[in-house]
Amino acid sequence: MIECVALTGKEAVPYMGDLASLRCSVFREYPYLYNGNQEVEAAYLANYSKSDDVLLVLAKAGERVVGVSTCMAMSHADAAFKKPFLSHHIPMDELCYFGESVLLPDFRGQGIGHRFFDLREKWSAERGFKTNYFCAVVRQGNHPLKPTDYQTLDVFWKKRGYRKMEHLIAELEWREIHDLEGSESIHHLVFWANIP
């Protein structure tokens, strides 16, 4: 049985290594194709360790962490995620940023994704945030590395009450798994929000 545990602030710090490992593993898959490493991840996740306004939801099989989902105040998110809101003059005081949800393949399809959203939405509401946002990488439909059985999570997100905000696009750079030269490329990520 999988247990989902919500941790905030300093409680979450000991699990940053688990989050980094899961990000490196899960984000190697399509559509992210991310060629990450622990050093880069440690730098990226430092933001999560600095604030009490952060939530980690752990999915645990016994003592093993098999998935992690995160959220924080949008005002504390990395600059790349805040930039689209600043560009559109959208105040961030009442916005919550839902970061990654990473779950090992063997544990998918068991309702854990819903638990990730349930616990993050609860945390966000308790802190008075009015709107929750997350973003997802944009890929063309005919991408050569797209698996034949790949299905987007769009239907799942829509059922959760989220809709795509086409005008809010974040840009991030990362190296892809097939890039033999090791250079980073720019990727576009579109935001989704629980706005009626």
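1. Helices and strands are here taken as DSSP runs, of at least four residues for helices and at least two for strands, numbered from the N terminus. On that basis, the protein chain of this predicted model contains 5 helices and 7 strands. Their order along the sequence is β-α-α-β-β-α-β-α-β-α-β-β.

2. Overall dimensions. The radius of gyration of the protein chain is 16 Å, in agreement with the value near 16 Å for a compact globule, because the chain has 196 residues. The C-alpha trace spans about 45 × 45 × 35 Å along its principal axes.

3. Packing and surface. Buried residues make up 45% of the 196 residues in the protein chain. Of the contacts between residues at least 6 apart in sequence, 72% link residues at least 24 apart. The accessible surface amounts to about 10,400 Å², and carbon and sulfur atoms contribute 52% of this area.

4. Charge. The protein chain carries 22 positive and 26 negative side chains. The centres of these two sets are 4 Å apart.

5. Helix α1. This helix covers residues 16-26, and its buried residues are M16, L19, A20, L22, R23, C24 and V26. The cover over these buried residues includes helix α2 (38-49) together with the strands β2 (54-61), β3 (64-73) and β4 (95-103).

6. The loop between α1 and α2. P31 lies in the loop, and the peptide bond joining Y30 and P31 is cis, with omega at about 15°. L33 belongs to the loop between α1 and α2 as well; its phi is near 55°, a positive value in a residue other than glycine. L33 has a relative accessible area of 3% and is therefore buried.

7. The phi of H89 is positive, at about 55°, although the residue is not a glycine. With 70% relative accessibility, H89 counts as exposed.

8. Cysteines. A disulfide is a covalent bond between the sulfur atoms of two cysteines. With a cut-off of 2.5 Å between the sulfur atoms, the count is 0 disulfides. For C4, the closest cysteine sulfur is that of C71, 13 Å away and so too far for a bond. For C96, the closest cysteine sulfur is also in C71, but at 4.3 Å it is likewise too far for a bond. C4 counts as buried because its relative accessibility is 18%, under the limit of 20%. C96, at 0% relative accessibility, is buried too.

Terms used:
Residues are numbered from 1 along each chain as its sequence is written. This is a predicted model: local features need pLDDT of at least 70, side-chain atom pairs count only at pLDDT 80 or more; totals for chains, interfaces and linings use all residues. Side-chain values use heavy atoms; hydrogens and water are left out. The radius of gyration is taken over C-alpha atoms; the globule rule is 2.2 Å times the number of residues to the power 0.38. Buried means under 20% relative accessible area, exposed over 50%, partly exposed in between (1.4 Å probe, protein chains only). Contact means heavy atoms within 4.5 Å. Accessible areas come from the Shrake-Rupley method with a 1.4 Å probe; for residues, only the protein chains shown count as cover. Lys and Arg count as positive and Asp and Glu as negative; His and the chain ends are not counted. The place of a charge is taken as NZ of Lys, CZ of Arg, CG of Asp or CD of Glu.
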